Amino acid sequence: MKLQSLHKTGSFLITSQYQKIIHRNVQTSVISSDEAKRQSELFYMESKRQKAEIGRIEKITVNYLGVPEDTTLVMNKEISTPYDCAKHLGEMVTNRSALALVNGEPWHMHKPLQDSCNLELLHYNIPQPALVNRAFWRTCSFILGAVINNAFKDSLKVHLHSFPSPNVRSGSFIYDAQIELENWTPTESELRVLSAEMVKFCQQNYQIRCLDVSVECALSIFHNNEHKTKQIPNIAASNKGKVTLFRVGDHVDISKGPMVTSSNHLGRITIASVFKLDTDIPGGPIYRYDYPSQRSRIDYYGGMVKTFQLTNSGAFGTSLKIAPVTTETELNSKTCLQVNGTKDIKIEPQSVLPNLDGFKCIGVEMVEGVQTEKWQLVQTIGQKVNRYSMWLKFRDDNDKPEAKYAIPIKYEMKGFNSLLGSHYDHYYLRYEDYNTENIDPAVFQADEGLPCSAFPGPGDRHIYTFNPMKEFIHPTTTSHVDFEFDKFRNKHGKDYKHHLDEEQRKNVFRQNLRFIHSVNRQHKGFTLGVNHLADRTELELKALRGRKYSGGSNGGEPFPFKFIERTKLPSEFDWRIYGAVTPVKDQSVCGSCWSFGTIGAVEGAFFLHNGHKLVRLSQQALIDCSWGFGNNGCDGGEDWRAYNWMLRHGGIPTEDDYGPYLGQDGYCHINNVSLTAKITGFVNVTSGSLTALRQAIVSQGPISVAIDAGHRTFSFYSNGIYYEPDCKNKLDELDHAVLAVGYGTINGEDYWLIKNSWSNYWGNDGYVLMSAKNNNCGVMTTPTYVKM
């Protein structure tokens, strides 16, 4: 049987169905638990014998080269190992070291040092990780053999055959095993069980030991395995008469090595397939177990931001984002941020190719000197026409002369962004150096010496900001849902990766559609509608709510105005009429709402300050540059922290000067642009006072406010005065930043006119009327405005 796997893959377990298959041919396993213990005991006894022959202990000098600093260690000849040296250097070095270089040659961490030497300790995040990668995949194959033994013990005859060299470029590993079971094809559930067993084995954190033995010793250890006994003489002949053995737990196998330090370096492993190999070897067929790597990496804006989707890292996958972070002490410091998947939300690889179903070839076109075919899909949504175009070139398939490979050159969206899940705009993607070759696993490793840290608090809200290109997934159907879902897809230009993706999204859509109809039947005074968010789960919507609360005083000035009678204020007010409000924007898959509320308040104040001239200011500058004041870019922030940053730096650049909004963390470059809209301070409007907030709006312009937006009713709000009885209004319960641009009264019910940043497809052209009753959702809790 041959097991092939990729990074974090492999595991053998037996479900009831699996056992039914096996028990058709019940025999005593050749490799039983007793046999494994016998082999392990012989390994241990030989190791003990070799140590006893050393005699007088000699000292050697080990010149360590690496972090934390170069040093010289005095160790024991033929006893001390690189692992022992690592323990002298500290816990961090010990835990991360996977492989040693002894005088420049790869060396197993638990293999005794033979003489004085130079020593380097390698880990996974180094510039040239090829040696570590090869040792990693080799170890995967080695442990895969252990799992095969455990899976079939006492049920079928199992002979471990061998494991070929790993394919480092594709990130795969293999083990061949012979099992007396004809034409076996495991089910997906059986493979999952096998995978779980390998994960469990790796989590035992077994140290992997190494031992060179004689041919006679190796034959005695493997005398019950005819494949190994045939291999041993040839192996010894090419290895100075010795056979190199490795042991993990009770499992012993032959390999030239080296391996990585311990089993827990492997993390999560999955066996994806098993297939039979044609062979003349007696005793049953050879099966191969295979796993394809499930990882993706996307670099944004020339590598300024890198995102990694590592499906097989950790129990449920890991998402990494490497982005520049600017503080008051560091400019654009490269930082690695990490979010782990959960049982309900697993990290999956991300495609950058759109689904071309429905596209038609409309002709031939030259693109940057390359002749291409242009394929296009045209959709009409109301007054707008969306055009999705893909330019393709073709090359011959050497294996199939009649076939051709399509190579993407450019993808353009004018209208709704079907690839990014964003809204009406103009985007394009260029594909450079596109190929289907295997990818070096080093591509999916974070930079050397760059530790990855999680954001404080629940990580689930960051999963989608860590992968802005993520399209959403899943499931089942009824006739009315089909009709509504098709209408939804056509209106918003949704384009799903594959059938499974569409089916899962349809299931999410169905649940949201039922909820919308259920709420509307209750006649709450506001209505919900299907909008562009209707195929997103509640967890995905969290990524849009990026207002964080850090506690303590924000340092703003108290509201200075004297109380006046409500009747002396206008009964209704709307700054849009006076031209003080810029158009609604779309924050995209980025938790940057705090920057929109902040900039909206500053734009309004600047409008009043400069003779009623409206200037668009840069949200992106705050996202990129205010990390030093406690904001976290696309992963949350607060308006008062942005105000303090502006006070320190003397203003904010205009959008024209700084550059457009990216929907992603970017490089801070305020030193290269002019700053405007200089503020002299900021004011906290009296909390909980309707009259104070009205007075502030009328006299100071649009006001930055925070709200509790964590309810599905808010996500699908369409029109009417929004009042949610379950809405919170305490300071630490507010998760979204918006802009109050006016107020009014309808049928005796007071409301606030609120500008959101979820595009004009949301709400009433991007706005919501929020009830002022009982400070619902916290509009009056922490309003702020700036002084100029």
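Buried, as I use the word today, means under 20% relative accessible area, exposed means over 50%, and partly exposed is in between, with a 1.4 Å probe and protein chains only. By that cut-off Glu 540 is buried, at 4% relative accessibility.

Before I go on, this is a predicted model, in which local features need pLDDT of at least 70 and side-chain atom pairs count only at pLDDT 80 or more, while totals for chains, interfaces and linings use all residues. Residues are numbered from 1 along each chain as its sequence is written, and side-chain values use heavy atoms, with hydrogens and water left out.

Back to Glu 540. This residue lies in helix α11, residues 538-542. Helices here are DSSP runs of H or I with at least four residues, strands are runs of E with at least two, and both are numbered from the N terminus. The Glu 540 side chain reaches the backbone nitrogen of Thr 537 at 2.8 Å. A polar contact is a pair of N or O atoms within 3.5 Å; within protein, one must be able to donate a hydrogen and the other to accept it, and residues adjacent in sequence count only if both atoms are side-chain atoms.

Next, helix α16, residues 690-700. Nine of its eleven residues are buried, among them Leu 690, Arg 694 and Gln 700. What covers them? The cover includes α12 (593-609) and the strands β28 (703-707) and β30 (736-746), where contact means heavy atoms within 4.5 Å. At the N-terminal end, Ser 689 caps α16, with a side-chain oxygen 3.0 Å from the backbone nitrogen of Ala 692. After the helix comes Gly 701, with a positive phi near 100 degrees.

Now the rings. Rings of Phe, Tyr and Trp (its six-membered ring) pair if their centres lie within 6.5 Å; planes under 30 degrees apart are stacked, over 60 edge-to-face, and the rest tilted. The structure holds 23 aromatic pairs. One of them is Phe 201 with Tyr 206, tilted, at 5.1 Å centre to centre and 55 degrees between the planes. Phe 201 is buried at 12%, whereas Tyr 206 is partly exposed at 29%. Phe 573 and Trp 575 pair edge-to-face, at 5.1 Å and 75 degrees. Phe 573 is buried at 11%, and Trp 575 is buried at 6%.

Last, charges over rings, meaning NZ of Lys or CZ of Arg within 6 Å of the ring centre and within 35 degrees of the ring normal. Lys 111 has its charged end over the ring of Trp 107, 4.6 Å from the centre. Arg 576 lies over the face of Tyr 767, at 4.4 Å from the ring centre.
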